[in-house]
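Here is a brisk report on a protein model.

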Amino acid sequence: MNAPFRYPSFFDLREFARSTRAPLSAPDGVVRRHVELPPGPVAVGALHVPPGEHQESIDGDEFVIVGEGEGEGEGEGEGEGEGEVSLRVDGMESKLAPGESAVIRAGSEVRWAARNAATLVFMRYRAQSDQGPGVVPIDYVAELTPSGAPLAELLTTPTPACRNFTDYRSADGEFVCGTWDSTPYTRRAMRYRHYELMYLLDGEVSFEDEVGARATFWRGDIFLIRQGAECSWDSQVYVRKVYAIWRPA
């Protein structure tokens, strides 16, 4: 009998997006590739937007972050707008350059537009929403305020100073997106009740799970910590990140 599949505790989403790009011969329209996750209300993966305009319905609150261009667009204008994508929702247009992110609210009809092919990473939470269609940008320079620190019994270093700013919270409070920073700290493994997508704006952090799997992520990396993972945290330097978290009530 084959051993049961084990979902990874942490997952490099930038590398996943690079490895799943749609072929140039793919039909017109956005292409989504999904990370394999246990059944539930959360979907995570890569979104590939070909050149031109494409329409899509969003059936849940969705965090998106632009990864990079796909090296297309030869000839006149080559390199201009590389990786940039715009999205029009309810008559309002938002533009996202590589590294920028936003939340698309549930029920939005999105018209994607890209001069050159673009790749995004997404995390979608499927739930009823009464907030209506729209796009909420994530503000990387928002003023952060003090937030809770890791549990003292898990820390192996002095208590860090942590700060946070919440850009978006779903109507039921389970899906939250924003920015966070912290002074260095190390803690023992804890069980994640939630999924968390992180994009490191500064610093680096290392994880180790209950079976000894290890990973280190650096500035510019986009990655996912899986719900149910038992992971430690080790940051030897200041860390600042964008996050999208789904935590069941």
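Arg14 lies in helix H1 (residues 13-19). Helices are DSSP runs of H or I with at least four residues, strands are E runs of at least two, and both are numbered from the N terminus. At 15% relative accessibility, Arg14 counts as buried. Buried means under 20% relative accessible area, exposed means over 50%, and partly exposed lies in between, with a 1.4 Å probe and protein chains only. Arg14 and Gly45 are 31 residues apart along the chain, and their C-alpha atoms are separated by 9.6 Å.

This is a predicted model: local features need pLDDT of at least 70, side-chain atom pairs count only at pLDDT 80 or more, and totals for chains, interfaces and linings use all residues. Residues are numbered from 1 along each chain as its sequence is written, and side-chain values use heavy atoms, with hydrogens and water left out.

**Overall picture**

The protein has one helix and 21 strands. Of its 249 residues, 50% count as buried. The protein exposes about 12,000 Å², and carbon and sulfur atoms supply 50% of that area. Accessible areas come from the Shrake-Rupley method with a 1.4 Å probe; for residues, only the protein chains shown count as cover. Take the contacts between residues at least 6 apart in sequence: 74% of them join residues at least 24 apart. A contact means heavy atoms within 4.5 Å.

**The open sheet**

Seven strands form an open sheet with antiparallel pairing, in the order S1-S19-S16-S21-S14-S13-S12. Strand S1 (10-12) and strand S12 (145-146) stand at the edges, each with a single partner strand, so one side of each has no neighbour in the sheet. Two strands pair if DSSP finds at least two bridges between them. Strand S14 (residues 175-182) and strand S21 (residues 239-246) run antiparallel and are joined by eight bridges. Phe175 has Trp246 in S21 as its bridge partner.

**A hairpin**

S17 and S18 form a hairpin with five residues between them. In the turn, Gly212 has a positive phi of about 90 degrees. Strand S17 (residues 204-208) runs antiparallel to S18, with five bridges between them. Side chains alternate along strand S18 (residues 214-218). Ala215 and Phe217 point to one face and are buried.

Glu208 stands opposite Arg214 in S18. The side chains of these two residues, Arg214 and Glu208, also meet in a salt bridge. Arg214 is exposed, with a relative accessible area of 66%. Glu208 is partly exposed, at 30%.

**Salt bridges**

A salt bridge is a side-chain nitrogen of Lys or Arg within 4 Å of a carboxyl oxygen of Asp or Glu. By this rule the count comes to 13 salt bridges. Side chains of opposite charge can pair when their charged atoms come close.

| Salt bridge | N to O distance |
|---|---|
| Arg32 and Glu56 | 2.6 Å |
| Glu62 and Arg32 | 2.9 Å |
| Arg214 and Glu208 | 3.4 Å |

Salt bridges that share partners join Arg32, Glu56, Asp59, Glu62, Arg124 and Arg126 into one network. Arg32 forms a salt bridge with Glu56. This pair links distant parts of the chain: Arg32 is in strand S2 (residues 31-34) and Glu56 in strand S4 (residues 52-57), 24 residues apart. Both Arg32 and Glu56 are buried.

Glu62 also meets Arg32 in a salt bridge. Here Glu62 in strand S5 (residues 61-69) and Arg32 in strand S2 are 30 residues apart. Glu62 is buried, with a relative accessible area of 0%. Arg32 is buried at 19%.

**Ser235 and the cysteines**

Where is Ser235 placed? Ser235 belongs to strand S20 (residues 230-235). Its relative accessibility is 2%, so Ser235 counts as buried. Its side chain joins that of Trp233 in a polar contact of 3.0 Å. A polar contact is a pair of N or O atoms within 3.5 Å; within protein, one must be able to donate a hydrogen and the other to accept it, and residues adjacent in sequence count only if both atoms are side-chain atoms. Leaving aside its neighbours within four places in sequence, Ser235 is in contact with Thr183, Pro184, Tyr185, Glu204 and Val205.

A search of the whole structure finds zero disulfides, a disulfide being a pair of cysteine sulfur atoms within 2.5 Å. Cys177 is buried at 0% relative accessible area. Cys231 is buried, with a value of 0%.
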